[in-house]
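Hello,

Here is the structure for you to look through. My notes follow below it.

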Amino acid sequence: MKTALITGITGQDGSYLAEHLLKKGYRVVGVVRRSSTTPYERIAHLVDRVELVSADLLDQTSLTDVVQAAEPDEIYNLAAQSFVQTSWTQPVLTGEFTALGVTRMLEAMRKAAPKSRFYQASSSEQFGKVVETPQRESTPFYPRSPYGVAKVYGHWITVNYRESFDLFAVSGILFNHESPRRGLEFVTRKITDAVARIKLGKAHEVRLGNIDARRDWGFAGDYVDAMWRMLQQDAPDDFVISTGKTYSVREFLDAAFSVVDLDYRNYVVHDEKFFRPAEVDLLVGDPSKAKNKLGWEPRVALPELVRMMVEADLERHSKPR
Ligand code: NAP
Ligand code: F7E
C-alpha cells in the first residue's frame, strides 16, 4: 500500500485528491493546521478513512516531523493562501504561505523522505499579463498579484530542488478549476451560490467586479487525477493542466442564471470593491503535453460544470436550517 501525504487536505483540491487516492488504495495522511474549531466540512465524509496530522506551512519543525512520521511515497503540496484578492491585503502572509511554505515542504522532504515524490500546486496566475496565447509550459511568467508572484517563487524553488538535490519534484501549472466545493469568495461559486439564493427568494442581487475577465475553467475532480499522473511518470517534469477553452465571467453568469431560467442582467450590480489593482484579463492553456505524455484529458465541460454547481447550491439552500 502506498502512502500519500497531502497538505491542504481541507481545501477544495485536497478533498477531491484524498477521495481519488483512497479509491486507488492509498493510505492518505492529511496535514491540517491547528484551529479552535474543526473546519473539516469538505472532508467530513472522509475523516474515518484518512489520518489527520497537525502542522503549519509557517513552521519548519512541524512539517519535517509529519513527513518523517508518515514516511510518504508521494507528497502533494496543495496548501496555500489561494485567494488572489486577499494577496493584496495580506501580501507578506501570502508570501510566507504560498512561496516560502514550498521551500519548507521541500526541506522537510529532503531531510525526512528524499526518495518520496513531490507535487507542487503551481498556477496559471503565474502567466498573469500573458505574453503568448494559449499559454504552455514554455510561456514566460508575468505574474500580476502578490499571489502570482509567490506562486512563481514556489514553481522555481521546486525546479531548483529537483536540479540541485536530484529530487523527484514536479509542478502542475493548473488553470482555474471549480466544483460545488469551491470557496464561496471565488467568482464561479459566488455566482452559483447567488443564483440559488435569488431563485429561492433569499437574495435579489449579486455584486461583482470585472465581468469581462476571461478564464479557462475546468472541474476540480478531473484535475486531481492529473496531479496523480504526474507523480507516476518515469522522470519528473512540469505540465500545464487546462481545458483549452476560455470564457468570460459574463458568459459564466449567463450560463448559471440560464440554469434557473433567469436573465443575469436583471441581478448583477457592479461594485468597485471587487475590481483588482492589477487584473489578469485572459487565460487559456494548451493542455497538449498533458494529453500526449500523461494520457490526461478534461472530462467535464463548462456547461456541465455550471449546472453541477448551481444544482448543488440549490439543494444546499433548499434544506431547512
Ligand atoms: P483552497 O480551497 O483555498 O485550500 C487551501 C488549503 O490550504 C486549505 O486546506 C487550507 O487550510 C490550507 N492552508 C492554508 N494556509 C495553511 C497553512 N499556513 N498551513 C497549513 N495549511 C494551510 O485551495 P484549492 O482551490 O484547493 O487549491 C489547492 C492549491 O492549488 C493551492 O495551492 C492553490 O493556490 C493552487 N491552485 C488552485 C487553483 C484553482 O483553480 N483551484 C489553480 C491553480 C493552483 P484551512 O482549511 O485550514 O484554511
Ligand atoms: O477570479 C473576476 C476577477 O477569484 C476570477 C484561484 O484559485 O484561479 C483562482 O484565481 C476572475 C478575476 O479566481 C469578481 O477579477 C469579477 O478576473 O474566481 P477568482 P482567480 O483570481 O482567477 C487561479 C488559477 C489560482 O491559482 C487561484 O488560487 O473573476 N471577478 N468579479 C471576481 N472575482 C471574485 N473572486 N469576486 C468577484 O466579485
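How much space lies in the second largest pocket? About 370 Å³. A pocket here is an open set of points on a 1 Å grid over the protein atoms alone, where a 1.4 Å probe fits and protein lies on both sides within 12 Å along at least five of seven lines. Grid points are joined across faces, edges and corners, and the volume is the space filled by probe spheres set on the points.

First, the ground rules. This is a predicted model: local features need pLDDT of at least 70, side-chain atom pairs count only at pLDDT 80 or more, and totals for chains, interfaces and linings use all residues. Residues are numbered from 1 along each chain as its sequence is written, chains are lettered from A and ligands numbered from 1 in the order in which they are written, and side-chain values use heavy atoms, without hydrogens and water.

Back to the pocket. Its lining has 13 residues, each with an atom within 4 Å of a point. Glu41, Pro180, Arg181, Arg189 and Arg316 lie nearest the centre. Helices (H or I, at least four residues) and strands (E, at least two) are DSSP runs, numbered from the N terminus.

Next, the domains. An automatic or database assignment gives domain 1 (3–177 + 217–241) and domain 2 (182–215 + 245–283 + 300–318). Their C-alpha centres lie 27 Å apart.

Salt bridges need a side-chain nitrogen of Lys or Arg within 4 Å of a carboxyl oxygen of Asp or Glu. The whole structure has 27. One is counted between domain 1 and domain 2. Within helix H4 (residues 91–112), Lys111 and Glu107 sit four residues apart, about one turn. Their side chains meet at 3.1 Å, N to O.

Last, the backbone. Most residues other than glycine have a negative phi, and most peptide bonds are trans. Glu71 has a positive phi, near 50 degrees. Thr133 and Pro134 are joined by a cis peptide bond, with omega about -5 degrees.

Best wishes
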